[in-house]
Amino acid sequence: MFEGLRFNHWKTGEGDDGVVTLTLDRANSSVNAISRAVLDELEQIVERLAIEKPAGVIIHSAKPSGFAVGADIKAFVEYARHDTVLENIEHGQRVYESLARLSCPTVAAVHGACMGGGTELILACRQRIAADDDKTRIGLPEVMLGIHPGWGGTARLPRLIGATEALPLMLTGKSLSAKRALALGVIDRMARPEELLVEARLLLRHPQPRPFARRAVAWLSNTWLARQILAPMVFKQTAAKVRKEHYPAPFAMIDVWKRGGSDIRQRLKIEARSVAKLAKTPTAQNLIRIFFLQERLKGQAGDTDPGIKHVHVVGAGVMGGDIAAWAAFKGFDVTLQDREMKYIQPALDRARQLYEKKLHTPEKVEATVRRLRADVDGSGIASADLAIEAIYENAAAKRELYGKIEPQFRADEILATNTSSIPLDQLREGLDAPQRFLGLHFFNPVAQMPLVEVVRHDRLDPAIEKRALAFCKAIGKLPVAVKGTPGFLVNRILMPYLLEAIRLYSEGVPGAVLDREARKFGMPMGPIELADTVGLDVCVSVGKGLAPFLGLEVPLGLDDKIEAGKRGKKDGQGLYVWQDGKPEKPEVDKDYTMPPDLQERMILPMVNEAVACLADRVVDDADLLDAGVIFGTGFAPFRGGPIQYARSEGVDKLKARLEQLAQRYGKRFSPKNGWDNPALAPDSEP
């Protein structure tokens with residue numbers, strides 16, 4: 001059938017039964033990212049299929065990693081740069097629509113990751129079958145890049161499973177397991193991984209009829225009347241979570257669906273124009289940049305084997321216990337040490353709750369629980385590959401612990417501290433092997449926060465740093481290497497923001513106003529709520545340690561609250577009163593007049609300290625700084641990080657505003673060293 005045609009990215013085969021198998025295998029790549037070349041070849045293949053009319057077509061992937069990770073994002077950036085997004089979106093739509101219009105039955109056989117353009121490809125097939133495997137994930141995550149599905153996702157998914165199910169999937173970008181995809185009707189059947197293609201052939205011969213009720217609901221939810229009623233409701237629900245001016249893509253997608261009629265050509269046309277418009281927004285450009293930064297963090301260790309199987313954690317408090325639980329969850333054997341079993345048991349209980357939430361079967365839960373063992377005597381130290389110290393923040397106590405445990409270490413065992421701010425030059429004193437000592441600073445809650453600061457010092461062996469980066473990758477975290485100076489990166493930049501917000505609070509600005517203004521800027525949580533969530537005792541402890549270094553002061557009044565047992569969320573009372581895990585924010589007097597520079601007083605100290613961190617080479621470059629602050633603090637992702645924000649707003653403008661704030665409120669706002677750094681120039685962007 002394909003005589004005379006040669007393909008680089010597709011393999012074709014035809015069985016005796018007349019069924020054609022199309023195998024996606026992008027050349028020179030470990031994953032299938034759908035590029036223009038991949039689509040051009042598929043276009044030729046589909047043209048031939050339309051003429052030859054085979055008995056059926058099965059599309060699957062040759063990559064062990066999965067079906068397809070989505071569109072080629074690097075190519076998309078180039079399209080945006082050359083203003084050819086619309087042309088390339090329409091090309092992809094035409095290819096997929098040609099596939100959808102084939103007269104023969106088509107089945108997509110999915111394993112592993114099937115994202116974005118990969119999911120849109122399988123939606124263009126008549127039926128879909130997926131491997132019944134935990135690695136199977138199907139989704140349309142384009143909103144995370146500041147755009148929305150553009151190769152027919154918005155046009156097809158709502159018609160397939162109903163708008164009420166499809167819109168939340170596309171608006172959140174969440175991926176589906178095979179079981180969930182089957183329950184929603186995204187796929188028609190599941191199969192054991194080793195039988196996927198055999199079952200795909202059976203599905204081709206005997207299509208799975210879609211239940212009438214499902215078809216009826218899907219049709220009803222997409223009628224003109226339903227779209228006019230549902231769209232404003234979904235818009236309002238989305239606006240309660242994100243701001244349109246910050247993240248325009250979800251709102252644009254709702255509008256695309258609302259305006260789409262019964263003709264798929266019309267729906268595709270509206271979809272393509274919307275994506276092309278979104279691609280020009282700063283939000284999309286910054287979120288795509290963050291995507292590449294995330295990939296860079298993941299790839300820092302290269303193919304390095306961490307050489308770690310057994311992790312020993314000393315300190316079973318919230319941080320130590322949760323680090324141990326997470327390492328066990330990710331497949332490592334873990335021993336957890338503390339003074340008595342009564343300190344370890346709560347950590348084991350929290351771990352079980354985590355496993356029950358994350359894992360789907362009792363067998364998997366029990367297997368994971370068995371990997372995490374209490375170790376009051378610390379006998380696990382001698383056989384561990386990595387020992388993590390997570391005791392309280394006291395340099396002398398930490399050094400005393402190291403003196404006891406280091407003599408028991410294996411020859412190549414790594415010692416790591418989870419200190420949040422103590423310089424490593426202080427902690428390494430007296431170590432026999434300082435070259436195998438470093439910081440692994442996790443963030444709370446460990447299971448949710450993606451960043452780990454890998455903290456350096458001048459005697460650290462680079463090979464040990466590589467192993468630590470590889471370990472972070474193995475436990476699903478994003479590592480950023482930082483200099484071991486006070487506060488490292490994240491706390492050094494976050495603390496000026498928190499302390500200034502608490503100062504404003506002590507000056508009489510309502511907490512709800514401060515939180516509202518921070519969220520307006522794009523922070524995921526306001527600073528007053530954040531301080532209570534972290535714990536006022538932690539804020540004061542870290543603040544007092546960093547204040548002299550940063551030239552700041554810890555606002556008065558916090559010590560009194562701590563002594564009164566009002567440390568925040570964990571006590572049910574702090575700067576707010578907390579009920580059922582949520583803060584009760586007092587109503588703001590309607591006559592209250594907000595200071596006009598309120599937002600700047602909170603945000604610009606962060607940017608100022610970020611500039612200083614870059615000048616002090618706390619991290620290797622500006623991109624890593626932005627990545628660390630975004631993944632460590634949640635700094636407004638759509639703004640691209642504090643350095644990118646300074647570039648976009650204008651360095652001279654922000655520096656002048658800091659000088660004005662310094663004249664008005666004090667020298668803590670004075671611009672720090674580094675504002676003349678060439679890395680702040682707009683043309684230094686990647």
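Which helix holds E52? I looked this up and found E52 in helix α1, residues 36-52; helices here are DSSP runs of H or I with at least four residues, and strands are E runs of at least two, numbered from the N terminus.

The model is predicted: local features need pLDDT of at least 70, side-chain atom pairs count only at pLDDT 80 or more, and totals for chains, interfaces and linings use all residues. Residues are numbered from 1 along each chain as its sequence is written, and side-chain values use heavy atoms, with hydrogens and water left out.

**Entry: E52.** I checked the accessibility of E52 and got a relative accessible area of 40%, so it is partly exposed (buried is under 20%, exposed over 50%, partly exposed in between; 1.4 Å probe, protein chains only).

**Entry: H9.** I then turned to H9, which sits in the segment before β1 (10-14). Its relative accessibility is 11%, so I count H9 as buried. Leaving aside residues up to four places away in sequence, I list T23, L24, D25, R26, A27, A37, V38 and E41 as touching H9 (contact means heavy atoms within 4.5 Å).

**Entry: α21.** How many residues of helix α21 are buried? I find eight of the eleven in 511-521, so the helix is largely enclosed by the rest of the structure. The buried ones are G511, A512, V513, L514, D515, E517, A518 and F521. Their cover includes α20 (490-506), α22 (527-534), α25 (598-615) and α27 (642-649). After α21 I noted G522, with a positive phi near 125 degrees.
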